[in-house]
Amino acid sequence: MTVYIFTPEDLLRYGSINEEQLELLKKTLLEKDDILIVGRNRSGKTKLVEALVHLIPEEWKVAVVTAYNEFKPFKGNIHIINTEFNSESLERRTEEVIEQIKRLNPDYVIIDTLHTVSIPQLLKKLIDEYPFIITSLVLSNDLISEIKHWLKIDEDTLGKFEIVVKLAFDFRTHSRSVDAIYRIAEEGEKVKLEKIL
């Protein structure tokens with residue numbers, strides 16, 4: 001069975017993203033900003049990540065932390081760090097992933113919705129050293145609460161990200177699209193989302 005990897009052109013062709021949104025995300029990637037991609041089940045989070053990887057320069061190393069080999073290394077600069085539930089503790093498994101990331105010293109780290117490692121532990125150790133693209137489930141429009149809940153991160157960690165991309169899934173037509181792109185801003189000791197597009 002062949003798995004089709006979406007490209008930015010595919011997203012444009014099917015109306016999943018518009019030119020302005022794509023250009024903003026390309027600029028964000030090239031500046032090595034931290035990006036959260038959020039949406040409900042089947043909203044196209046992994047497909048958007050695949051398309052964005054096409055925009056990362058070939059000479060940049062990309063570490064992808066995945067579970068049970070779900071993410072495929074479709075480009076030569078992708079380095080898979082596979083995780084699985086096993087007899088090791090969550091903390092120990094996460095430490096092993098952190099060590100692998102440090103040895104690889106990538107230009108970007110991608111974490112595609114998984115629960116086989118501790119996201120808070122990983123980000124606490126690495127968010128200041130490497131740029132991240134992380135996908136997360138959200139089930140309501142209260143994006144800040146949902147992101148903090150599903151990733152189990154605190155306000156300070158969330159504030160280290162620059163961009164949140166919210167995806168939408170239309171259950172009638174089965175179409176997936178970028179619903180909005182937000183900048184994460186600080187408001188006193190809290191973070192807030194400011195809609196860009």
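Which residues lie nearest the centre of the largest pocket? They are Lys45, Thr46, Lys47, Glu70 and Asp112, out of 20 residues that line the largest pocket. The model examined here is a predicted one, in which local features need pLDDT of at least 70 and side-chain atom pairs count only at pLDDT 80 or more, while totals for chains, interfaces and linings use all residues. Residues are numbered from 1 along each chain as its sequence is written, and side-chain values use heavy atoms, with hydrogens and water left out.

A pocket, in the sense used here, is an open set of points on a 1 Å grid over the protein atoms alone, where a 1.4 Å probe fits and where protein lies on both sides within 12 Å along at least five of seven lines; lining residues have an atom within 4 Å of a point. The space in the largest pocket comes to about 540 Å³, a volume being the space filled by probe spheres set on the points, which are joined across faces, edges and corners. Helices (H or I, at least four residues) and strands (E, at least two) are DSSP runs, numbered from the N terminus. Sorted by class, the lining of the largest pocket has 8 charged, 6 polar and 6 nonpolar residues, where Asp, Glu, Lys and Arg count as charged, Ala, Val, Leu, Ile, Met, Phe, Trp, Tyr, Cys and Pro as nonpolar, and the others, Gly among them, as polar.

The second largest pocket holds about 210 Å³ of space and is lined by 15 residues, of which Phe6, Leu11, Ser16, Arg176 and Ser177 lie nearest its centre. The elements that give two or more residues to this lining are α3 and β7 (175-187), with β7 giving the most, at 4 residues. By class, the lining of the second largest pocket has 7 nonpolar, 6 polar and 2 charged residues.

Leaving aside residues up to four places away in sequence, leucine 52 touches Leu25, Leu29 and Ile37, contact meaning heavy atoms within 4.5 Å. Leucine 52 and arginine 172, by comparison, are 120 residues apart in sequence and 26 Å apart in space, C-alpha to C-alpha.

An α-helix has 3.6 residues a turn, so residues three or four places apart point the same way. Leucine 122 is buried at a relative accessible area of 0%, and leucine 122 touches Thr94, Val97, Ile98, Ile101, Ile111, Val117 and Phe132, not counting residues up to four places away in sequence. Between leucine 122 and glutamate 91 there are 31 residues in sequence and 9.4 Å in space, C-alpha to C-alpha. At the start of α5, a side-chain oxygen of serine 118 reaches to within 3.2 Å of the backbone nitrogen of glutamine 121.

The charged side chains complete the tour. The structure holds 14 salt bridges, each a side-chain nitrogen of Lys or Arg within 4 Å of a carboxyl oxygen of Asp or Glu. Lysine 32 forms one with aspartate 107, the closest N and O atoms being 3.0 Å apart; this pair links distant parts of the chain, with lysine 32 in the loop between α2 (19-30) and β1 (35-39) and aspartate 107 in the loop between α4 and β4, 75 residues apart. Lysine 32 is partly exposed, at 33% relative accessibility. In the salt bridge of lysine 27 with glutamate 31, the closest N and O atoms are 3.0 Å apart, and lysine 27 is partly exposed at 49%, as is glutamate 31 at 45%. Glutamate 155 pairs with lysine 148 in a salt bridge whose closest N and O atoms are 2.6 Å apart; here glutamate 155 counts as buried at 14% relative accessibility, whereas lysine 148 is partly exposed at 26%. Salt bridges that share partners also join Arg92, Glu96 and Glu99 into one network.

Note on methods:
A polar contact is a pair of N or O atoms within 3.5 Å; within protein, one must be able to donate a hydrogen and the other to accept it, and residues adjacent in sequence count only if both atoms are side-chain atoms. Buried means under 20% relative accessible area, exposed over 50%, partly exposed in between (1.4 Å probe, protein chains only).
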